[in-house]
Amino acid sequence: MLTSQQCKVCLSNIFPILVCLKAEKKGASNTVIGMIFGCYALFDLLSSLVFGKYLAQFGAKLLFVAGTFVSGAVTILFGVLDQVPDGPIFIVLCFLVRIMDAVSFRAAITASSSIIAKAFPNNVATVLGSLETFSGLGLALGPPLGGFLYQSFGYELPFIFLGCFVLLMVPFNMCILPNYEADVGKHSFWKLVTLPKVVLNALVIMSTNSCFGFLDPTLSLFVLEKFKLPAGHVGLVFLGMALTYTISSPLFGLLSDKMPHLRKWLLVFGNIITAGCFILLGPAPVLQIKSQLWLLVLVLMVNGISAGMSIVPTFPDVLSSVHENGFKEGLSTLGLVSGFLGAAWSLGAFIGPTVGGFLYEKIGFEWAAAIQGLWALICGLAMGLFYLLEYSRRRRSILQNIQGTEWEGTALLPKEIRPCTVLE
């Protein structure tokens with residue numbers, strides 16, 4: 001299951017580079033290329049809600065295995081798109097294959113998160129943190145591996161290689177994954193939206209992935225323009241962030257499970273640190289700090305750590321919140337949570353590059369990154385304020401219960417030993 005996710009994250013980093021090279025030669029305009037990328041986020045969002053709602057009906061194992069199989073097959077189809085005639089036929093097939101990839105990937109991810117939470121109920125964050133290690137490896141290995149395979153063997157091989165590798169995981173997962181009984185619940189996404197903690201965690205997920213997405217279309221252009229690096233070295237700038245995210249995610253997962261009371265502060269400070277990183281990325285002109293390559297790489301490495309702080313604790317934090325509010329434990333609830341957070345992730349993936357590209361064009365990378373950081377700062381402060389108010393309400397409730405208990409105890413004392421009996 002982990003290796004399948006690593007391959008798909010790896011593909012998500014190879015796809016933009018290779019398909020853009022082919023799409024322009026096949027007659028697709030920049031607008032059409034942007035729509036091909038955008039449709040992925042849209043259908044990923046819709047699929048998250050559908051699979052999250054009906055996970056119990058589909059079955060987690062079936063959904064994961066089917067999603068992995070279709071995803072592997074679609075990846076191979078990407079590799080043969082260059083054999084398609086130029087023009088509308090190529091463009092239509094690009095849309096269809098990209099949509100199928102989004103739906104199959106979300107099916108596998110929604111099911112895998114639910115299976116992990118069901119199989120390891122007391123170590124959800126630890127296991128999910130380990131899973132993010134493989135995502136980080138995919139982020140780190142995607143561009144250099146894809147570039148090497150493309151330069152050495154052409155356009156087709158990167159997709160065929162990864163697609164076959166994902167397909168090989170299908171029989172393996174069919175053998176090792178457990179079957180869980182379906183327990184169809186009565187709750188819906190609308191009930192989730194009424195829970196403030198769930199909504200705030202979704203905003204954190206959206207903000208964090210928006211920050212990742214912001215860097216995709218902007219950071220490479222900024223590095224090439226500002227530091228005059230060779231195009232082949234630009235991918236190395238991202239490497240530090242991917243590695244620190246890979247290393248820190250399982251550590252934050254373990255910390256979140258061992259000390260659940262720290263989850264809230266990991267989320268709060270993770271967002272605040274992310275905001276500081278984006279303000280320093282340029283850096284923002286108001287700081288009057290000269291932009292230097294070593295500073296950019298250092299800030300990205302710190303951002304990898306803060307991203308781990310923000311992402312890993314969200315799933316167990318939301319699970320604890322929904323269980324406290326009457327949601328039944330089981331695959332149905334796990335599917336709702338996984339689908340809801342997946343939808344937030346997809347929305348962030350759409351907003352980040354879209355708004356980031358617009359701001360980069362209008363006001364430059366330095367100010368655009370600072371504005372992106374403000375979103376993370378607002379999310380972090382909102383989370384902190386919510387948890388402080390929640391702590392204050394719980395403390396008042398405890399004090400009221402203590403006072404009520406003392407009054408009841410005094411009222412139950414025999415009349416002869418009450419203080420007033422001396423006067424009587």
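Helices (H or I, at least four residues) and strands (E, at least two) are DSSP runs, numbered from the N terminus. Keep that handy for the exercises below. The model is a predicted one, where local features need pLDDT of at least 70, side-chain atom pairs count only at pLDDT 80 or more, and totals for chains, interfaces and linings use all residues. Residues are numbered from 1 along each chain as its sequence is written, and side-chain values use heavy atoms, with hydrogens and water left out.

**Exercise 1. Get to know the chain**

Work out which elements the protein chain holds and how much of the chain is buried.

Solution. 
- Step 1: the protein chain has 14 helices and zero strands.
- Step 2: buried means under 20% relative accessible area, exposed over 50%, and partly exposed in between (1.4 Å probe, protein chains only). Of the 424 residues in the protein chain, 50% are buried.
- Step 3: a contact means heavy atoms within 4.5 Å. Take the contacts between residues at least 6 apart in sequence: 84% of them join residues at least 24 apart.
- Step 4: areas come from the Shrake-Rupley method with a 1.4 Å probe, and for residues only the protein chains shown count as cover. The chain exposes about 20,000 Å², with carbon and sulfur atoms supplying 71% of it.

**Exercise 2. Check a helix against its length**

Solution. 
- Step 1: now look at its buried residues, among them Phe 159, Leu 162, Val 166, Met 169 and Asn 173. An α-helix has 3.6 residues a turn, so residues three or four places apart point the same way.

**Exercise 3. Explore a cavity**

Find out what lines the second largest cavity, and whether Thr 208 is buried or exposed.

Solution. 
- Step 1: on a 1 Å grid over the protein atoms alone, a cavity is a set of points where a 1.4 Å probe fits but cannot get out, and a pocket is an open set with protein on both sides within 12 Å along at least five of seven lines; lining residues have an atom within 4 Å of a point. Grid points are joined across faces, edges and corners, and a volume is the space filled by probe spheres set on the points.
- Step 2: The largest share, three residues, comes from α9.
- Step 3: Thr 208 sits in α9 and counts as buried because its relative accessibility is 7%. Leaving aside residues up to four places away in sequence, Thr 208 touches Ala 307, Ser 310 and Ile 311.

**Exercise 4. Move on to a pocket**

Describe the second largest pocket and the helix α13.

Solution. 
- Step 1: this pocket has a volume of about 300 Å³. Of its 14 lining residues, Ala 117, Pro 121, Val 124, Leu 319 and His 323 lie nearest its centre.
- Step 2: α13 gives the largest share of the lining, four residues.
- Step 3: α13 is mostly covered, with eight of its 11 residues buried; Leu 319 is one of the buried ones.
- Step 4: after α13 comes Gly 326, whose phi is positive, near 95°.
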